[in-house]
Amino acid sequence: MDQFFKDKLDQYQSKVPHSAWEGIDTRLSEEQVNTRPFLWILLIALVLLTLGYLFYKDVISPAKDAPVEIEDNAIASTESLPRSFKVNYYQKEEDNIYYVGPEKLVLSDALKSDLSSNTPFQSFLIASGPTLEQVEMNSTDALFNLQTSLEAPKLLPTNTELAGKETVAIAWPDYKDYCYSNSNHYFFIEFNAGLDFPFQKLGVQHFASEAQHYRDQRALTEYGSISYNANLLAGYIHPTGLLAKTGIQYAQLNEKFYLVKESVVKIQTKITIDTMFKEDGSYIINRDTTTAEIMGEEKLTTNNHFRMVDVPLIIGYRYTGSNFGIEVNTGLIFNIMNYSSGRIFDEEIHPTYYGAKGDGYFSPFKTRVGLSLYAGIRYMTGFYGRTQFYVEPNLRYYFNSFSNNDFPLSQKYMVLGITSGMKYFF
Amino acid sequence: MSDREIILGCLQKNRNYQKILFDKYSGILMTVCRRYFPEHELAEDALQEGFIRIFQSLQQFNFQGSFEGWLKKVVVNVALRKIQTERKVRDWADLSSAENKEFRCSAIDKLEEEDILTIIGSLPSGYRTVFNMYVMDGFSHKEIAGVLSITESTSRSQLVKARQMLQKMIIETKESD
């Protein structure tokens, strides 16, 4: 009865309503429209970054030659001073107008509001006359030792009369201080590069015959190897320590396909030519051909690669100590392109190339692998001007299988890595 | 036009080739869907979902083995996922639906294809799914157990009962003639 049922229905063509194709046609059209959502995400991220930068440039940090003014002689306490300073000098050109390089500082009525709102701190330091060289120090204590013996420098909150002074120096906190502190907000850009190690997990996603066996054979022949990634991110840190950043990333996961074929027969042919000369000068040539079958093992090794372009969206929190900083980062990484190449067993357990060396018909992997979860803890130490260096051990988990939906096996990854990089503060 | 030409055209996302593939194989694949879903609307849904999956994963086909067999395999997988989603295999002991059906055919060897589809469709959903998977689509009991989240022994007993019920229905049909 089983065979009868099977034979009868195997080639039987049921009537298909016209609406079936219309539905498929509509779905295919919709899919084509939605094929590039991640490009939209990237575009939106770039627009937001641009708007954020313009906002920062025009509202938070206006041009340096904007007019500023000091109105009275109020002197603040020393307690609010940061640990170190950057100093700029302004030479008097005419009454109440000072220049530093190409930048012009006009001591006008607007100084109070500008210095208090356009810089990420409330206090600044000012010196005049012969003390300028001594002002150029990077120690708060040294500056205030000077203050005890000289007229300048003085710590001024926002208001000081500068009229009549030939030269002034205005100092503000070194970035080292407010990178560590949570009291200010600012934009940054960072470049990261790191080494990764991928951990592969194969699962049976379709219960085709021999799928279990296929998975076992795959697992025995594929090994993770050192991988790497690099990214360029831009972001913003809020005074509370919360931060957000996004950008573009290249990541490459590497694996090795290694197969030892035992009992491989290699045919070796040996040709021997002997020439024997007779007394009369003639000679005889004797050719001997020997063919031997050599039994041995053959090793196949191929480096497999997943080359990916990603858009990370990371949020984090920065904790700062007296001379170090820690950032806890987490977020989602959107894969926008994945190019796979290498060699694995196909479903019939034959080593088969895919990607560049493949024939185009064995393409087990997706061209986009979707979302992955990122988590990392960053340890920050040194500062060089506006630049900061750090290391960040991290973990990345891919939610989706790298293999296509109808491939018998699912193939997921968890990646452990360590990243180092540098961050530049605007 | 050969299957190879059609496949290459579909891989280029050419809608005309996709339509040709649909026209050529939709009848056979609809039969597969009807085996799992006697309700015509569900069968049509499965067919549409199956073709979408086929077009999405056509690059998987490596031109080794039967293309028709590969298409059926994709559609069967889609049907099984749909069954899992819609919980069609919920009640394994439900026999009531089989007793209310009518069959009009003279003998097993004279059963027409539509009669067979009707008889299979009359089985309770659990019996029908196991019978289809084991007899028609070549799954093992171990694989069936994995897909349907049941034990292997349950799968075997469902198959036995499905066969008994099919025989009974065919005999009753003979007697009524």
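## Two chains in a predicted model

Read from one end of the sequence to the other, chain B follows the pattern α-α-α-α-α-α-α-α. That pattern corresponds to 8 helices and 0 strands in chain B. Please keep in mind as you look around that this is a predicted model. Chain A has another make-up, with 8 helices and 15 strands.

Here are the two chains side by side.

| Chain | Residues | Buried | Mean pLDDT | Residues with pLDDT at least 70 |
|---|---|---|---|---|
| Chain A | 426 residues | 27% | 71 | 64% |
| Chain B | 177 residues | 40% | 80 | 83% |

Taking the contacts in chain A with a separation of 6 or more, 75% join residues 24 or more positions apart. The corresponding share for chain B is 61%.

### A pair of helices in chain B

Two packed helices are described by the angle between their axes and the distance between the axes. A pair to look at in chain B is helix H2, residues 15–36, with helix H3, residues 40–56: they pack at an angle of about 135 degrees, and their axes are 9 Å apart. H2(B) is therefore oblique to H3(B). The crossing of H2(B) and H3(B) is right-handed.

Which residues of H2(B) and H3(B) meet? From H2(B) come B:Gln18, B:Phe22, B:Ser26, B:Leu29, B:Met30, B:Cys33, B:Arg34 and B:Tyr36. Facing them in H3(B) are B:Ala43, B:Ala46, B:Leu47, B:Gly50, B:Phe51 and B:Phe55. Sorted by class, the contact of H2(B) with H3(B) holds 10 nonpolar, 3 polar and 1 charged residues.

### Where the chains touch

The contact between the chains involves 31 residues of chain A and 39 residues of chain B. On the chain A side, the elements that give two or more residues are helix H1 (2–10) and helix H2 (18–33) of chain A. By class, this side of chain A has 17 nonpolar, 8 polar and 6 charged residues.

### A glycine in chain A

A:Gly52 sits in helix H3 (residues 37–60) of chain A. Leaving out residues up to four places away in sequence, A:Gly52 touches A:Phe187 and A:Tyr236. A:Gly235 is 183 residues from A:Gly52 in sequence, yet their C-alpha atoms are 9.3 Å apart in space.

For the model, the scores are ipTM 0.80 and pTM 0.45. In chain A, helix H5 (residues 132–135) has the lowest confidence, at a mean of 30, while strand E8 (residues 222–237) has the highest, at 94. Residues 59–87 of chain A stay under 50 in pLDDT, and the model has 77 contacts for them beyond four places in sequence. Another stretch below 50 is residues 171–183 of chain A, with 44 contacts in the model beyond near neighbours in sequence.

Among the elements of chain B, H2(B) has the highest mean pLDDT (91), and helix H8 (residues 152–176) of chain B the lowest (81). Chain B also has a stretch with pLDDT below 50, residues 88–106, with 31 contacts in the model beyond near neighbours in sequence. Where pLDDT is low, the predicted coordinates should not be read in detail.

Note on methods: Residues numbered from 1 in each chain as written. Chains lettered and ligands numbered in written order. Predicted model: local features only at pLDDT ≥ 70, side-chain atom pairs only at ≥ 80, totals over all residues. Axes fitted to C-alpha atoms, helices over the stretch in contact; angles between N-to-C directions. Helix = DSSP H or I, 4+ residues; strand = E, 2+ residues; numbered from the N terminus. Parallel < 35°, antiparallel > 145°, perpendicular 65-115°, else oblique. Left-handed = near helix turned anticlockwise from the far one by under 90°. Contact = placed C-beta atoms within 7 Å. Nonpolar A, V, L, I, M, F, W, Y, C, P; charged D, E, K, R; others polar. Buried ≥ 20, exposed ≤ 12 C-beta atoms within 10 Å, placed from the backbone. pLDDT = per-residue confidence, 0-100.
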